[in-house]
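Please open the structure in your viewer and keep the sequence at hand.

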Amino acid sequence: MDSVSPELREHGPRKTIFVVGLGMVGIAFIEKLLNLDEKNEYKIITCGEEMHLAYNRVALTEYFQHRSVEKLYLNQADWYAKQSPERFVFHVGEAVTSIDPAAHTVTTDKGQVVAYDYCVLATGSEATLPPYVDVKMRGVFVYRNIADLNNILDYSQQPGVKGGKAIVVGGGLLGLEAAKAVFDLEEIKDVAIVNRQAFPLSRQLDAQGGEIVLRRIEAMGVQVLTNASGRACVSSPEDPNTFGGLELLDGSVLEGHMVIFAIGITPRDDLARKAGIACEGSKSGGITINDYLETSAKDVYAIGECASWNHNTYGLIAPGIEMADILSFNLTQLKTEAGGFKPRQMNNPDLSTKLKLMGVDVASFGDFFREKRQLEKKTANHKPVSLPVVATPSAATSEPLSHDHTDPNKHTDVPSLTVVQPKNDASTPRRRHGAAAASDGPVETLVYRDPFAGVYKKYIFSADGKYLLGGMMVGETNDYVKLVAMVKKKATLEVPPSQFILGAAGGKSADDGADLDDDTQICSCHNVLKGQITQCVKDGITSIVDVKAKTKAGTGCGGCMPLVTNIFKAEMAKAGHALNNNLCPHFNMTRAELFHVVQIKKLKTFTEIMETAGVNKDAIGCELCKPAIGSILSSLWNEHVLNPVHHQNQDTNDRFMANIQRNGTFSVIPRVAAGEITPEKLIALGQVAKKYGLYTKITGAQRVDLFGAQKADLPDIWETLIEAGFESGHAYGKALRTVKSCVGTTWCRYGIGDSVGMAITLEERYKGIRAPHKIKGGVSGCVRECAEAQNKDFGLIATDKGWNLFLAGNGGASPRHAQLFATDVPPSKVIRLIDRFLIYYIRTADKLMRTARWIEQLDGGLERLKKIIIDDDLGICDELDKQMDELVGTFYDEWKAVVEDPERRKQFRQFVNTDERRPQIEQITERGQHRPANWAKSFPPVKLRSSDISTPKDQWQWKKLATVADLTPTDAGTTSAAVKYGDTQIAIFHVPKRGYFATQQMCPHKRAFVLDHGIIGDDPKTGAAYVSCPLHKRNWDMQTGDCLNDNEYSIITFDVRVDGDDISILLPEAQELDAVLGTNKWMVRQATAELYDRGSGGGVEIVGPHGEDVAAGAGGCGSSASASVPGCTGSKLEW
C-alpha cells in the first residue's frame, strides 16, 4: 500500500481540504476559500488531470484566434507562485484515481496518498456522444477542452480536409459556440449546423426570437438544418475509418469533412461511484448532494457539473460558482467576530444567460418561459406527454431545457412511452421570481420585434404590471444586468411596463426645482417661494449665505436647505456665474480641500488652521467654518471636544455633549448598541428619569431619550449612567448615531444572519467617529427588512449568501432610498467595505452633507465609488483601511472624561455667579409627563435697545458679576458664560486679542435664553464680532446688538471691564433691567403662546413696558413698527 506523503499529511493545526479537479468551479472554490479564510484555518491541496492551469472553458472559442492557452488562464502562473505553500499546494497533470472516505485519503495516478479533513469533488463533466458515433473514426470531435480544440485545429489542416466543410451537431449554446469557432477558421470553407429543433437556442428563446437568430446565422453564409437529427456517421469513400458525412433521420446524407458534436454533457461521477458514494441512477447521473452540498460520505462535498442536487445537474458555469460560494462560505463564515450566520443552502440557481453567439447578442433571464409554460399548463393536466424511452439517466446539457423539449442526447428512433408526468428537468426556469410568480398567477407580455435591425425583446410581467418575471433579448442586450437585478430583487416596479420597451417619456430631472413654479413654497417656516430665491440671483446675490439673509429661507428648521441650495446653484449656472463651494468666506477652499491640508500638515487647532489656510490669519471664524473644522479635527485626531482649543468650535450639542431643546434644557441619549438592553439597564434609565424629572421616549433608533435635563445636572446624570454600564450615545454630534437591528437569528424563525451581533460590532467600531453629517446604520437578518436598513447611510440585509450592502440612504426632509452597493458580501469582508465608504465620505464630502447628497454629487456616482473602494482604482484602499483603523483606536467615552474631571464639570453651571437655577419656559403636563409649553407659531419681531431701559446709560454703574477664571479664557479660542443679575440673564464672552463682550442672554427670535451657548464669529467684511444663536442662527453684533442676518431684530449689549481677576458689567439697577429683560417677563407660557396664535383674540389687552398697545401689529401680539417695543412685555400681561 502506498505510504502517505509526509509533506502532505503533516498539515499542523490547519485542516486540509483536498479539491479533486482544477477546472473553473474548482479554482473558484479555492480562490473564494483563500479569500474568506482570514483565520488561516485551512490548507488546500488540489490535483488537475490536464497539464494546464485552470482556464476559462466558456471562452474556448477565443482560443481559435490566439492559440494561447495562457490567455485563457483564470489566474496566471505568478498567482499560483505567490500563494503560500502553507495554505495552497497544487499539482497539474496528475489525476486522482481513488477516494477512501473511511480513511479520509485520496490516491493519485502518481502514487501519492493524501490525507484530508474535507474532500471537495469538482470533477466536472465530459461531452456526450450519441450511441451511433464511433469515437475512433477520424474527423469526429467534441467541443469540451483545450485538447479537443487542438485536435480540431490539427485535423482542419490535413490534406483533403483543408478548404472543406465542417458539420456541427447541436443548435444550443455549445453548438453555436463550436460553429462560430470553425466558421472563423481559414482552413474551413463551409459550415453546417444540424439542429433538431425548429430554430436555434430553443432553450433560451421562443420561436420569434429564435427566428431572428436563425436569419442572422444564415446571413453569415452558414447552412442551418432545422428539425433535423443524425442517426449515423458515414465513412469517407477514400477511407472507411474517416468521417465523410452525417446520415439524417430522413435518410439523406449531409456531406462533410469533419463533424463536431455539441449536444450536451455527462457528469463525471465514476470516482465517487467507485468509492461507494451515492450517485444518481445506474450510470453518469451525477453525485448526489444535499442542500449543504454534502455527499453521502462524511466530510466529502461535490460541486459543479458533477453534482446532482434534487435530482438535477447543471451544465452552466453560474450554478457551479454558486456552489463554490456556498461551500467556501459555510466553511469560514458561520462564526466570525461580527456575529454568527446561518449556513447557506443550495437554492434553485439563476439560469439567466447572456452571450454573443455567431456574432449575435442573446440573453434570457428570470422565468423566461413563464408565459409558454402557463399556456401549456392548461392542457398538461389532461393531455399526456410523450417522452422517448431511454436506458440511462439523461445527461445534463449546457443550456436550460424548456419543459417540453426532449434531451438532445436521447435517441429518436426508439419506441415511445406515454407518461403523465415528465421527468424533473434541472434547467427548466423555476417559478420563483416576483410576488405574482410566487402565487403562480397570470402574466402579461410586452414584445418588440424589429426584423430589419435583428432586434427582439420579450418581457414577461405579472398581470397587474407590478413585477418583472423574466424575458429574452436578441440583438440588443444593454439592459440585461439591470433587468436581472430587478427580477432577483422581486421588487415592485417603479415605472410602467411600457417604459421597458418604449423608454421613459423624459429623463429624470435633478432635484434642482426646475419643474417647480415660481410660486411654489420652498421654505414653510418663513413662506419663502421659489421665485424669491431665483430673484436673489437675478439681483446679483452670489452666495447662499446672502440668499438666506435676504429671504430667511433655511433659517427656521433648516430642512429646506438642500432644495434651496440646489435651486440657487441651478440659477447661478443659468446666469453664467461660477459656483463657489468654499467652506465659508473665511476660507477660499472646500471642506475636502481643507481636510487634505489639515491632514498633510498635521494641524491640530482652529488657530493653526486659520493661520495656515485662512483668508485673514487673525479672523475669528464663523458658525459655518468652526463646526466644520471641529469635525475635521475630530475625524483626524479625535481629541476631546471640551479641550479649550476645541470648545469654541462646537455647536451647542457638541459643546455640552447633549442635545439642546427649545427650552434650553438638554436630552440625554446613552448608547444602546443595536437596541439590545438588559432589564437592569432599563431600570437604571427609569431611576435616572424619575430622579431628575425627565420626559422619556423610545427613539426610532431603538434607544431611550431622556428629555429636560438641566445643563448643571448633566455630569451627575452621566455619572449615574456610567455606573450602570452606559456610555455616551453621541446623539449630539455629527457622528455615528446608531446601528439599528432586528433580532435576526437570535430569536426570529426567519433569521438568516446574526443581525444583532453584526449591528453591535458595527456600532462599537464606529462609535464616536465624527463626520460631515450624522451617520446611521441598519442591519436586517433577512429580506423581510425589519430594521429598515435601506433608508440608512449604510445598511446590511442578510441573504442566504451573505450580506447585501446598501449605501447612502437617509430619511429627513429629503428622504432617499439607499442604493445596493454590493451583494452577497461575506461577513468577514463587509466591515472593511463600510470602513472605506465612511472614511472616504469623511474625507471628501462637503460640510453638513449627508451621504445621500454626497453620492449624488460624486462624479460617477455609486459606480465610481465601487471603482474606488472595491477595485481600488485610485490605489488608496490600504490608506483608507489604515486611517479607519487608527481612528477607531482613538475612541474614549466623552461623558466619562467630563465626569472624572472637576474643572470640566464646572463648565456645566447654568450661572457662574450663583447656584440658583432659572427655568426658561413654563412646564406643562401632558400624558403623564412634563414638557415645555408650546412656542407660538410666530413671535412678532422685536428690537431691544438700551434706550428701552428707564435709567439713561450714563447713570449705569459697574457691577461685579464674574471672575476671569469663570470664563477660562485662552488664546486658543473664544469662551463664554452666563450670569444672573436680578431676574435678568446676561451672557459674557471672551474673544482672544479683542477682549470681553456682554449681551442679553435671550435671543428674541424664539425667546430662548441660550446666547452664551452660541458660536462666536466675525464678519469677514467688517471684522465685527458676533454671537450666533445656537437654535436658529440669528447672528448678533456683540457691540451694537444689531442682528446681522435679520434686520427686524436687535438685542441689548453691555460694556465689560476687567479689574485683576474681577469681571464687571456696566448696568442699571436690577429692577429697572428686569422690567425690560427679566426672565419672568420673557418666559414662554402656554396661555400667551395660544393667545399669539389666535391673533390676540378674546378682548385681552397686551401692552409694552411703557403701557403702549402692541396688539395691533401685523404679528398679532407686538408690532415691529416701533423700535422701542420689545414685544409682549409689561405689567398687564407677562411672558
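The tour begins with the whole protein and then turns to selected parts.

**The whole chain**

Begin with everything displayed, bearing in mind that the model is predicted. A cartoon view shows 34 helices and 54 strands. Of the 1135 residues in the protein, 56% are buried. Among contacts with a separation of 6 or more, 65% join residues 24 or more positions apart. If a surface is drawn, its accessible area comes to about 47400 Å², and carbon and sulfur atoms account for 49% of that area.

**Colouring by confidence**

Next, colour the model by pLDDT. The average for the protein is 86, and 88% of the residues score at least 70. Select residues 1-11, where the pLDDT is below 50; this stretch has 21 contacts in the model beyond near neighbours in sequence. Then select residues 1096-1135, where the pLDDT is likewise below 50; here the model has 90 contacts beyond near neighbours in sequence.

**A pair of helices**

Now select residues 755-766, which form helix H24, together with residues 827-844, which form helix H25. At what angle do H24 and H25 pack? The angle is about 35 degrees, and the axes are 12 Å apart. The crossing of these two helices is right-handed. To view the contact, display the side chains of Met758, Thr761, Leu762, Arg765 and Tyr766 on H24. On H25, display Pro827, Val830, Ile831, Arg832, Ile834, Asp835 and Leu838. Sorted by class, the contact of H24 with H25 comprises eight nonpolar, one polar and three charged residues.

**Ser780**

Move to strand S37, residues 775-780, in which Ser780 is found. Is Ser780 buried or exposed? Its relative accessible area is 0%, so Ser780 is buried. Leaving aside residues up to four places away in sequence, Ser780 touches a set of residues that includes Cys742, Ser755, Glu785, Cys786, Leu796 and Trp803.

**Phe997**

Finally, select strand S46, residues 995-1000, and locate Phe997 within it. Phe997 has a relative accessible area of 9% and is therefore buried, the cut-off being under 20%. Which residues does Phe997 touch, not counting those up to four places away in sequence? They are Ala987, Ile988, Phe989, Val991, Met1038, Gln1039 and Val1056.

Technical notes
Residues are numbered from 1 along each chain as its sequence is written. This is a predicted model: local features need pLDDT of at least 70, side-chain atom pairs count only at pLDDT 80 or more; totals for chains, interfaces and linings use all residues. Side-chain values use heavy atoms; hydrogens and water are left out. Helices (H or I, at least four residues) and strands (E, at least two) are DSSP runs, numbered from the N terminus. Buried means under 20% relative accessible area, exposed over 50%, partly exposed in between (1.4 Å probe, protein chains only). Contact means heavy atoms within 4.5 Å. Accessible areas come from the Shrake-Rupley method with a 1.4 Å probe; for residues, only the protein chains shown count as cover. Axes are lines fitted to C-alpha atoms, for helices over the stretch in contact, and angles run from 0 to 180 degrees between N-to-C directions. A crossing is left-handed if the near helix is turned anticlockwise from the far one by less than a right angle, and right-handed if clockwise. Ala, Val, Leu, Ile, Met, Phe, Trp, Tyr, Cys and Pro count as nonpolar, Asp, Glu, Lys and Arg as charged, and the others, Gly among them, as polar. pLDDT is the predictor's confidence in each residue, from 0 to 100.
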